[in-house]
Amino acid sequence: MNLNFIVTFYIFHLSCAWEIPDNFAKTGHSNNWAVLVDTSRFWFNYRHVANVLSIYRSVKRLGIPDSQIILMIADDMACNPRNPRPATVFNNIKQHINVYGDDVEVDYRGYEVTVENFVRLLTGRLAPETPRSKKLLTDEGSNILIYLTGHGGNGFLKFQDSEEITSKELGDALEQMWQKRRYHEILFIVDTCQASSMYEKFYSPNILAVASSLVGEDSLSHHLDPAIGVYIIDRYTYYALDFLEKVEPSSSKTLEEFLKVCPKHYCLSTVGVRKDLFRRDPEKVPVTDFFGSLRPIELTTSITNVLLPAKTNKTKAIEPERKYSYVAQFPDVSKFT
Amino acid sequence: MKKQWLSNFILAGIIRFLLMNSEYQKVISDRVEVSTALNSWKRVTEGVYLYNCGIDPYTGDLFHETPIGLYVFNFIQQHLSQWILFCLFVFTDLLTAVFLGLTAKQYATELISKQKIEEKLCNENKETRNDASIVYTSMIWLFIASFQINVSLLYIVPLALRLRHDPMLLAFSYLAIIAIFKSYPCIGDVGFYMSLLPLWKHLFQYTQQGFTVGCFMLFCTVFAPTVWYQWIYSRSANANFYFGVTLAFAIAQIFFLTDILFASVKHEFAVRHGINKDISGNTAKLLLE
Amino acid sequence: MGLLTDPRAGSGKIIKFLLKWERPLCFFLYISGIVWVLLLALPIFNDNTYFSENALLPGLVTKESNLEQITKQYYTYLINEMKRYPDVMPYAWLAAKLNQLHLDVFTHNFTLIYPFQEQRFTGQNIYGIIRAPRAASTEAIVVSVPFRPIHSIYLDTAPSIALLLAFAKFCRKQKYWAKDIIFLITEHEQLGIQAWLDAYHGVTSGNGGVLISGDLPGRAGSIQTAINLELHSMKIASIDVKIEGLNGRLPNLDLFNLAQNMIAKEGIRQSFQRRFDVKYKNKFKNWWYHFNTLLMMITSQATGIPTGNHGLFHRFGIEAITLEGFEKPGQQSSDGNFYQVGRIVESIVRSLNNLLERFHQSYFFYLLPSTDTYISIGLYIRSLVLIIGGIFVKAFSMWQRLQVSASTEDKKNIVVKQSKDDGFDIGIITSEILWAHICGVTIATSPFALTYVGKKLDFRTEDSIYFGFVVITILTLIWPFYFKRQMKYKNAALICVIALVELGTVLMCIAMHNFSLALLVAVIYVPYVFILPIMPKQNFTKFHRMLSFGWVSLHPFMIASLIIMCYTYVNFSSDSLPLILFRGYRAIKQAFVFSIVDSMIYGNWLYNVTISTMFPIWFLFWNILCSNIL
């Protein structure tokens, strides 16, 4: 509540804030979530892990906190023995950004990434003892970004080289989410071969679906890092990231622009978009509605006088700094010798 | 006659017993054609062991016998020594042979007497019918219907109806069908009904596919182990090769069984309407349609 | 269903057609089979090779090695060491060098008790293991080199040992290995590698008590693939990829492909069967060139003898090839190019390191007319199926004739007397077939007895086996004359039918393991089987007599001798005729001994299978040709 007050106060102070942007006021959602899934394992699928980690990095930079990102990664590329650069994952040969940095929180990893777990996560039918970090705690005000990458075919997406989720199953899961009021709007992005087949069976409202390729097309990788010896990112994701890098939390870039990030001569496959379930005009929707995070803000036009509780804040800040250190891995033997 | 039987049985028993105690025992028991998941003694032993350890033997994909079988085998393995067990095997085998032999003998005598009566009856009105090519439809349609549907359960009733006068042939067909459609095909099942083959010697002259079926079966029995070796040991051919051969073998058996059944129909017809195929100088042909 | 119920399928037009056109049809099938083999070398019948295995990631990674200098250093030291001990492998030096690189180094002793002579030979293999730094030691790659002493009759392999050491040094520093790498230097050519593999897997592949492999002091994971190196010079102009393994087994096509691609990438000429890819504009010339390459592969595969040490890995499900490097003829090695060669090995091993499973995606059954095209089993097997189809057509029509004659005979017999001999005499037929096969098995196991007798007479092994075989051949040839028998045509024909069916089945089974062998056997035997005069003796003409006498030349021992003679003539055509004959005679003697010894040490089944299956079939026909058919 405190924060609410402060923000309102500042808005009140900056007189320009009286004119709130149109689209900002009309979003209708109150929180943002992201479900980012890499479904394929094995060293030669390095690029899928890089894809999903890059998107993770972007949405985190744009403000969605880790607690609201469900990251599912089917294989641990960073620690693969074949990785010549252990404990890192790179997504671009030119800019050496390690997307597997210090603050990556993987919620579902390795063999936990299954169709069952994915559907249970979406529909909220998880066991009661499941930790919070593995739950999608959305409500009817949540905008969800779902990003899937892996190997797909016409009408299915392969999980772990052992099972598939079909487009029908996915459509049903989303409908269940809608009926249980688990979302407000969904931006569904899928980067696989024949990706558009994944959204063809959707029938629930408020979903905008983007696919990296049409049925009958392959989604191709973007480039190879010869130092690692594998393809490190897919084309669609590469250009999507290129766009997202230029987006700031306050940016006014719209979804329509996002939908055009990868024309055919870049992607080599045709990006498929399904807008008929989405009620708003993508031209008027800022990308931050999905990629960024909305703070819980209440807008008010009435003037309220608030006193800043400055003193109490200060005392809190001066709390003595405690230095933390790691506990020794092994007991100190020198004492005993 | 009795003496010959006895000597044969003793010889067979000794061979069986020696084989069980020789070094070939391991080779034979490892052959996939002989020892399948359904009849492997090793699996039974392991199942019983698991059962005694308090582990459910049915949880793994190892033990496929019935629960009663499990109790029986448990009893056998706990209370009988290795030697008695071997003797038990030999004894059951010999018992099977005795039963098969007696049944065959019984059937043969019955068949001869029945045939004599029928021939007598039929000879009287033999001259009345002598069409060069005889088409008879109504007797056959049940047959075709029964072989169109590929579920062995569906064979039971039509075959039983059609072969109600010849229970031995019916039993033979059932055995063959079981051998064909069994989930783990095994040489024992094939051998069981094949051993009854001499019963149908009188039908051989009416069969048509003898050569094809013979070649097919020979080819498959030789070919199967080679592709099995390539699949399991040298890893160059995959399971589909072996599976294909077993499929071909099943098809050969289907040809064989069909042939025998049609031959029996033709035989029946010949007995009823005269055996003489020679009609006004031309060899008549029996046509099934 | 129609096939089963329609009696016309059984005795109708098709059979009449078959009976009428039997011989032309058989020959048509045979010739179309041969034509099919000829066509296989045409470009339209070949597909370009491609990678089926996703995990391989061939050549994507930057090559980091530069092994030129270090290889040269090792080479100089090694040559010095080899000169100092010209007859033995410098065990200590090799072990020390590997130890210096901090590998797990072990030596492996093995003993060969030479069959027939009870002589003992010993040998030693040296191997070092680099453990995968960040993975469990569950899988391994082998890089092997056969050591050859300085006076060896084979081409020198010292450069490849130097490269192996240099590459081991390079690998030791890398952190990306997901599999253990075993660096193996073997002694005594294929004996060493066979003993090592047997010891590694704890089995005995050949006969017991011949090659005693002992145990290994150290092991790595299960071996996935192996690369055998035979580089004959420090300046490599071309690299030949050898694939034919024991009993004609081939490695997965992906591995062959990988090697060819990596060699091409480094700018060294790649070849297959020592033949480079030459593209002629003339279509006929082009076809002829490819056909020759194909034929060379078929002949080398048919012998079942591995063309290099790689061939012994295949038995264990390990895909392996040999890279044999040659210098340009007439060129002195001034400056080496092991920079490139090292990078070829590096990139191959690096790709193999990426594998997640054993090779299984691509073909195991294929023929190669050049380095970059292949013929899959679906295409080439048809030629053999056509030829074998002819055999079955022949058998079937013979059988049908018997049926027809049986029924007509029946008719007469019924009228005249209820004779007993209207059917086949199963006893004669069975005993005939049984005896032929017993003879086959006896001859297959005869070498022990032969050498035993030979030793009493102070013969050398070669001589006792050769002369023993000569005696056996003569005996089998005169046997039917000696026991001149009468045989009914019907029984003789049924034996022929059974022999034909057996021939067809045996050929098909051999084809599954060694297509080339089956093809060659079929090409030689099948046409003769078609024209064999199986008929009552009174109808025999001079031509028939000649034909049946010609069957002698197809006795397995005779045909083997003939082939070796021809081979000697082709290789030494400049020599005088007596010299060629003498050379051929010696070669035959050696070939017999080698094929028997190979079957005992390595489990090569060429000798056993030909003698225990082809000989009985030959013998059955020969008996019938010589007996007095009524």
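Me: Which residues is A:His151 in contact with, leaving aside neighbours within four places in sequence?
Reply: A:Ser40, A:Lys158, A:Thr192 and A:Cys193. Contact means that the C-beta atoms, placed from the backbone, lie within 7 Å. This is a predicted model, where local features need pLDDT of at least 70 and side-chain atom pairs count only at pLDDT 80 or more, while totals for chains, interfaces and linings use all residues. Residues are numbered from 1 along each chain as its sequence is written, and chains are lettered from A and ligands numbered from 1 in the order written.

Me: Is A:His151 buried, partly exposed or exposed?
Reply: A:His151 counts as partly exposed, because it has 19 C-beta neighbours inside 10 Å. Buried takes 20 or more other C-beta atoms within 10 Å, exposed 12 or fewer, and partly exposed is in between.

Me: And A:Cys193, buried or exposed?
Reply: A:Cys193 is buried, with 21 other C-beta atoms within 10 Å.

Me: What does UniProt annotate at A:His151 and A:Cys193?
Reply: The unreviewed UniProt entry marks both as "active site"; such annotations may be inferred rather than shown by experiment.

Me: New topic: how do α16 and α21 of chain C pack?
Reply: Helix α16 (residues 489-513) and helix α21 (residues 606-626) pack at about 160°, with axes 10 Å apart. They are therefore roughly antiparallel, a term for angles over 145 degrees. Helices here are DSSP runs (H or I, at least four residues), numbered from the N terminus. Axes are lines fitted to C-alpha atoms over the stretch in contact, and angles run from 0 to 180 degrees between N-to-C directions.

Notes:
Two residues are in contact if their C-beta atoms, placed from the backbone, lie within 7 Å. Helices (H or I, at least four residues) and strands (E, at least two) are DSSP runs, numbered from the N terminus. Angles under 35 degrees count as roughly parallel, over 145 as roughly antiparallel, 65 to 115 as roughly perpendicular and the rest as oblique.
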